[in-house]
Amino acid sequence: MIIALIEHDRGKLNESSLEMLTLGRGLGLPLHAVLIGEAARPLADRAAAFGAATVHVVQHERLAEYAPEAWAQCVVELIESLKPEAVLASGTDRGNEVMAHVAAQTRLPMAANCIEIKLGNPCVVTRARWGGSLLEEARLNGSTHLLTVAPLAVEAVESPARSPTINTVTPTLDDKVFRVRVSGRVEAGAGKISLAEARVVVGGGRGVGSAEGFKPLEELAELMGGAVGCSRAVTSLGWRPHAEQVGQTGTRIAPDLYIACGVSGATQHLIGARGSKHILAINTDADAPIVAAADYAIIGDLHEVIPALCAEVKKAMA
Ligand SMILES: Cc1cc2nc3c(=O)[nH]c(=O)nc-3n(C[C@H](O)[C@H](O)[C@H](O)COP(=O)(O)OP(=O)(O)OC[C@H]3O[C@@H](n4cnc5c(N)ncnc54)[C@H](O)[C@@H]3O)c2cc1C
């Protein structure tokens, strides 16, 4: 049996969990989903639609908010009672964080951000390393394998719908597992589209030139119903917040269109942008790596090109 930890925030599903379930149900063992907190109970049907035959809903009065050690404790208790061959989670910040705590508590082997999994003993996993430039094959030996699945490693595909068996579980949680917990929230501006979910991302790099230089990019993003992203050079310069950084050490985006303006296209940036269906590069340098990675390119000064694009979009919308 495989258990799959579904990631959610106060009941809002993280879609990469559906990719993880899609991969998990192809591994040839019964798939059980785990939903932590009462708010997640309505997600049971969604988990079933992506292959989970059984859903364990872990309920406890202190699980309304995410708390990594408490979530890990819930998974550890399920491992002890169900003795699964593997535990899967998404290779997101939260998925990797919870599974690292599970590994530390149980001393079971863990591999993060797998793109392929062959269960068995040893369990053989493939992972992209060195910024995606090589593939590593790793072997894990253990009674249970702890594995996270890299976002976008597979496409989420529904399986024939069925009603899941629901098992409600109450874990034993003491104060110690709430040392790290959410103590407050700063919500993104009202109506702002999240970078990870945006269908259009207008990204700016060092070539934008200044914090003020982002105004036309903001306008284009707003006109197209998208979000603004940026490179690490830009966050390092303090022009934009880290929450907008695209890349290996930022957010992985998967829009229909990524408009990369004044971004050179370093490997670490492209890792975060490769889920984009189409890339339009705007750059003065025809030899910039982003131009090679793009589907379309405009070789020119972004300070001229973006206002012209905004004017065309407005005309088309009029
Ligand atoms: C461990 C590690 C992790 C990293 N993680 C990330 C990450 O998550 N995300 C990330 O982005 N980077 C990351 N980096 C940094 C990365 O290597 C690059 O340094 C960075 O992406 C470069 O940012 P840039 O493209 O904005 O700047 P530059 O490389 O300086 O490129 C600027 C581009 O703008 C163009 N340009 C200049 N003026 C104009 C103009 N007027 N009009 C149009 N084009 C113009 C230039 O031709 C050039 O191509 C990481 C690096 C390391 C070592």
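Modeller: What follows begins with the sheet, moves to the ligand, and ends with the whole chain. This is a predicted model, in which local features need pLDDT of at least 70 and side-chain atom pairs count only at pLDDT 80 or more, while totals for chains, interfaces and linings use all residues. Residues are numbered from 1 along each chain as its sequence is written.

The sheet is open and is formed by five strands in the order 13-12-14-15-16, with parallel pairing; here strands (E, at least two residues) and helices (H or I, at least four residues) are DSSP runs numbered from the N terminus, and two strands pair if DSSP finds at least two bridges between them. Its edges are strand 13 (227-230) and strand 16 (296-299), each of which pairs on one side only, and from one strand to the next the twist averages 20°. Within the sheet, strand 14 (residues 257-261) and strand 15 run parallel and are joined over five bridges, and Ala260 stands opposite Ala281 in strand 15. Helix 5 (residues 215-223) packs on this sheet and touches strand 12 (200-204), strand 13 and strand 14, where contact asks that the C-beta atoms of two residues, placed from the backbone, lie within 7 Å. The direction of helix 5 makes about 175° with that of strand 12; axes are lines fitted to C-alpha atoms, for helices over the stretch in contact, and angles run from 0 to 180 degrees between N-to-C directions.

Strand 15 (278-283) also gives two or more residues to the shell around the ligand, as do helix 6 (232-236), helix 7 (267-273) and helix 9 (302-317). That shell holds 28 residues, the closest being Gly205, Gly207, Arg232, Gly247 and Ser264, and a residue is counted if its C-beta atom, placed from the backbone, lies within 6 Å of the ligand. By class, the shell has eight nonpolar, 16 polar and four charged residues, with Ala, Val, Leu, Ile, Met, Phe, Trp, Tyr, Cys and Pro taken as nonpolar, Asp, Glu, Lys and Arg as charged, and the others, Gly among them, as polar.

An automatic or database assignment gives domain 1 (2-178) and domain 2 (200-317), whose C-alpha centres lie 33 Å apart. Their contact takes five residues from domain 1 and seven residues from domain 2.
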